Amino acid sequence: MDPKDGKRTGSCSSPVCVNNPHLDAMKDDILYHFSLGTRTHDLPAMFGDVKFVCVGGSPWRMKSFIEYIAAELSMEDPESEYPNICAGTDRYAMYKIGPVLSVSHGMGIPSIAIMLHELIKLLHHARCTDVTIIRIGTSGGIGLGPGTVVITKQSVDATFLPKFEQVILGKTVVRNTDLDQSLAEELLQCSKELNQFETVIGNTMCTLDFYEGQARLDGAFCSYTEKDKQDYLKKANEAGVCNIEMESSVFAAMCKLSGLRAAVVCVTLLDRLKGDQLNSSHEVLQDYQQRPQILVGSYIKKQLRAKAGRS
């Protein structure tokens with residue numbers, strides 16, 4: 001895969017790229033927030049067979065996902081509790097079954113960025129190839145009914161531009177936030193085959209904050225009116241934004257840099273044009289939150305079945 005455009009360059013295996021010459025001089029690379037390291041753990045033996053990585057905010061959600069995908073792939077073990085590989089730290093949680101890795105990333109850009117640095121290095125040290133990574137999560141919709149699943153086309157910032165900005169050594173670095181369009185289309189096709197819930201492809205706005213950054217009226221501070229909020233969200237919708245969350249921009253940028261085939265699949269919990277707070281019952285919200293894992297689970301199962309057919 002060419003990390004510049006995210007496209008496969010041929011039939012050969014695609015490694016996970018790290019663009020850091022300093023790593024070669026390190027005798028031991030400590031993945032501190034995972035409580036793993038190249039000297040203390042045999043990463044190729046532990047993770048070398050990984051082909052699919054799913055990441056999401058909460059440890060509970062990612063344990064739930066690994067239990068779900070284990071059952072879908074007929075790999076479940078009634079005796080197993082699916083131990084947390086990162087049990088030596090309380091920062092993130094990680095679970096694995098067969099070729100699937102499930103990792104929590106916390107909330108917001110800083111938290112997921114730290115996790116992705118160490119995850120990308122882990123996959124590189126483990127000599128993984130042809131890895132697909134998908135973020136599953138929740139979001140606020142714009143003009144979409146609650147429970148709609150959005151597959152991200154582009155992640156845009158709060159001014160609706162497809163970019164991720166980071167200050168490095170005092171200088172602003174701008175990175176591309178495109179995601180793999182063929183993967184998005186494959187996921188959409190899976191949803192059509194499932195025919196269980198509405199799924200769309202659209203732009204996702206990634207913000208730095210849950211309250212003011214997302215034009216909510218219910219935070220501790222608010223300096224704008226209901227009309228200001230509505231005008232802003234309608235402009236976002238006109239710019240192609242279907243939903244709002246807080247991780248997709250750095251996720252898209254870092255996956256593109258490392259040559260990972262990536263997608264973002266989030267369910268909308270409410271239509272932000274109609275309110276700010278979640279009024280649905282716990283049972284309904286639980287049902288909504290399972291939809292991304294159902295879709296991604298179906299995709300993984302389909303891919304593994306196709307690979308087995310080619311073998």
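Predicted model: local features only at pLDDT ≥ 70, side-chain atom pairs only at ≥ 80, totals over all residues.
Tyr299 counts as buried because its relative accessibility is 1%, and the cut-off for buried is under 20%. Phe52 and Tyr299 form an edge-to-face aromatic pair, with 6.4 Å from centre to centre and 85° between the planes. Phe52 lies in strand β3 and Tyr299 in helix α7 (residues 282–310), so the pair ties together parts that are 247 residues apart in sequence.

The count of aromatic pairs comes to four. For another of these, select Phe34 and Tyr92: this pair is edge-to-face, at 6.0 Å centre to centre and 80° between the planes. Phe34 sits in the loop between β1 (30–31) and β2 (36–37), and Tyr92 in the loop between α2 (59–72) and β4 (94–97), 58 residues apart. Phe34 is buried at 0% relative accessibility, and Tyr92 is buried at 5%.

Keep Phe34 selected and turn to the largest nonpolar core, which has 40 residues. Phe34, Val53, Leu119, Leu123, Ile133 and Phe251 touch the most other members. Elements that each supply at least two residues include β3 (52–56), α3 (109–125) and β12 (261–271). The largest share, nine residues, comes from α3.

Next, pick Leu119. Which residues is Leu119 in contact with, leaving aside its neighbours within four places in sequence? They are Phe34, Val53, Val55, Leu101, Val103 and Ile133.

Apart from this core lies another, of 35 residues; select Ala93, Ile136, Val149 and Leu188, which are among them.

Last, select Arg216 and Phe210. Arg216 lies over the face of Phe210, 3.8 Å from the ring centre.

Notes:
Residues numbered from 1 in each chain as written. Heavy atoms only, no water. Core = buried A, V, L, I, M, F, W, Y, C linked by side-chain atoms within 4.5 Å. Buried < 20%, exposed > 50% of the residue type's maximum accessible area, 1.4 Å probe, protein only. Helix = DSSP H or I, 4+ residues; strand = E, 2+ residues; numbered from the N terminus. Contact = heavy atoms within 4.5 Å. Phe/Tyr/Trp six-rings, centres within 6.5 Å; stacked < 30°, edge-to-face > 60°. Lys NZ or Arg CZ within 6 Å of the ring centre and 35° of its normal.
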